[in-house]
Amino acid sequence: MKRACVIGAGFGGLALAIRLQSAGIATTVIEARDKPGGRAYYWERDGFTFDAGPTVITDPACLEELWALTGHRLADDVELMPVMPFYRLNWPDGTNFDYSNDMVSLRSEIAKINPRDVAGYEEFLDYSAGVYQEGYVKLGSVAFLDFASMIKAAPALMRYQAWRSVYAMVSKYIESDKLREAFSFHTLLVGGNPMTTSAIYALIHKLEKDGGVWWAKGGTNRLIAGMVRHFERIGGEVRMGDPVTCIETLGNRVTGVVAQSGWQANFDAVASNGDIVHTYRDLMRDNASAARRAKALTKKKFSPSLFVVHFGVTGTWPGIAHHMILFGPRYKGLLDDIYTYGVLPQDFSIYLHHPTVTDPSMAPEGMSTFYALVPVANTGKLPVDWAEIGPILEKRVLDEVERRLIPDLHSRIVTKFHYTPADFTGDLSAHLGSAFSLEPLLMQSAYFRAHNRDEAIGNMYLVGAGTHPGAGIPGVVGSAKATAKLMVEDLA
């Protein structure tokens with residue numbers, strides 16, 4: 001059997017490993033941390049379970065496909081629970097908007113804010129369906145290895161005005177400022193600024209409408225655990241808690257990997273699910289071609305980071321939806337602060353995750369698990385001391401949740417901790433502490449992202465957020481499908 005190594009047990013790495021092992025390639029996954037998951041790590045504290053993220057599961061069919069390759073079922077290892085509404089959006093004036101794929105309810109929600117936008121929404125939905133077909137169904141798991149492949153895809157993308165931003169396209173159909181925010185914020189979930197991210201990413205709306213929004217019982221970590229269980233069931237090997245320190249090369253070929261423990265093994269092919277800059281700059285530091293690639297990558301624009309406050313509280317909150325967006329008083333101005341100016345704004349928008357409203361097992365009986373997430377500039381734009389700033393920002397975030405949703409929040413907190421851009425760098429070797437790798441701009445999409453197969457080192461591959469099509473569970477699982485196809489063909 002041919003042998004392959006996948007570095008990193010995130011969603012992308014595990015999806016790739018399952019595909020390779022299913023195809024008869026003996027595959028080893030090696031993970032630096034004590035638990036699998038990468039950005040989908042988790043903590044257990046004082047009886048509460050805290051997922052690091054991601055927490056929004058869409059397009060379950062792309063996950064089911066991984067089990068079906070060997071005649072198994074996702075449902076045998078993971079229980080997916082529907083989330084409804086998908087999101088509850090809340091503005092400072094008290095307006096709520098429940099966003100879902102229940103079309104009767106959704107039209108009613110739109111009409112409450114602006115009746116004239118009901119017809120505009122129908123047009124936007126048609127647009128979203130078109131870009132979904134072209135950008136996700138046709139191209140979401142295709143590797144763009146040369147510029148010719150980009151030229152071939154360009155006419156369809158241009159037909160849908162890919163050069164325009166998501167916000168611009170939403171504004172073409174929707175006139176209410178609140179509803180423009182409601183139908184454009186999704187790009188933030190994959191690291192993109194709605195004001196600059198290509199309109200192609202409007203496909204997320206159609207993706208959610210068709211596939212729904214789901215939760216894995218026990219947490220996103222249970223989906224990761226299910227992937228590991230299935231991978232080992234079909235013969236794969238997972239090594240935990242042993243960071244790779246070197247990807248060995250000889251000329252224009254990868255020969256094997258070396259880990260911190262001293263473990264070393266030779267492989268016919270290696271794929272990295274790690275940070276793309278870390279992979280080329282640090283793990284392949286002795287290879288001249290990789291050094292050039294690292295230098296080129298560092299010149300690109302990277303997505304923001306995140307500041308996340310995890311907290312467990314006494315009491316249950318059936319009136320607080322599973323996923324909430326608490327918009328701040330500004331939208332474009334706040335995005336400019338994060339993406340352009342690199343300042344820590346006085347106001348913020350919060351993504352509030354409340355899994356216990358769907359799954360009480362995430363907390364002790366009679367208690368609730370939450371996390372409050374705010375996007376912040378990456379460390380290249382915002383080089384602050386997070387050890388000093390973290391506690392201050394944590395209090396401000398919790399104060400805002402208390403003011404808008406839970407009046408006595410501070411007195412109810414049983415346990416809490418926060419996660420900063422410095423933690424993304426330290427735990428995940430994330431370049432500039434970015435939470436989503438390369439920013440999803442038009443000129444950093446498809447061929448212009450890091451390639452699934454290296455141009456100079458023929459048996460070195462990449463998978464995950466830094467490659468096409470980008471971040472998010474469907475994105476990295478799609479990248480795994482593209483990379484697996486290349487590797488299976490190359491190793492045949």
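Analyst: α2 (60-68), α4 (117-137) and α16 (473-491) each put at least two residues into the lining of the second largest pocket. This is a predicted model, where local features need pLDDT of at least 70, side-chain atom pairs count only at pLDDT 80 or more, and totals for chains, interfaces and linings use all residues. Residues are numbered from 1 along each chain as its sequence is written, and side-chain values use heavy atoms, leaving out hydrogens and water.

User: Which helix gives the most to the lining of the second largest pocket?

Analyst: That's α16, with four residues. Helices here are DSSP runs (H or I, at least four residues), numbered from the N terminus.

User: What makes up that lining by class?

Analyst: Eight nonpolar, three polar and four charged residues. Ala, Val, Leu, Ile, Met, Phe, Trp, Tyr, Cys and Pro count as nonpolar, Asp, Glu, Lys and Arg as charged, and the others, Gly among them, as polar.

User: Which residues of α4 and α8 meet?

Analyst: Among them are Tyr121, Phe124 and Tyr136 in α4, and Leu203, His205 and Lys206 in α8. Contact means heavy atoms within 4.5 Å. By class, this contact has nine nonpolar, three polar and three charged residues.

User: What about α10 and α11, who meets whom there?

Analyst: Ile276, Val277, Tyr280 and Arg281 in α10 meet Ala290, Arg293, Ala294 and Leu297 in α11. That contact has six nonpolar, no polar and two charged residues.
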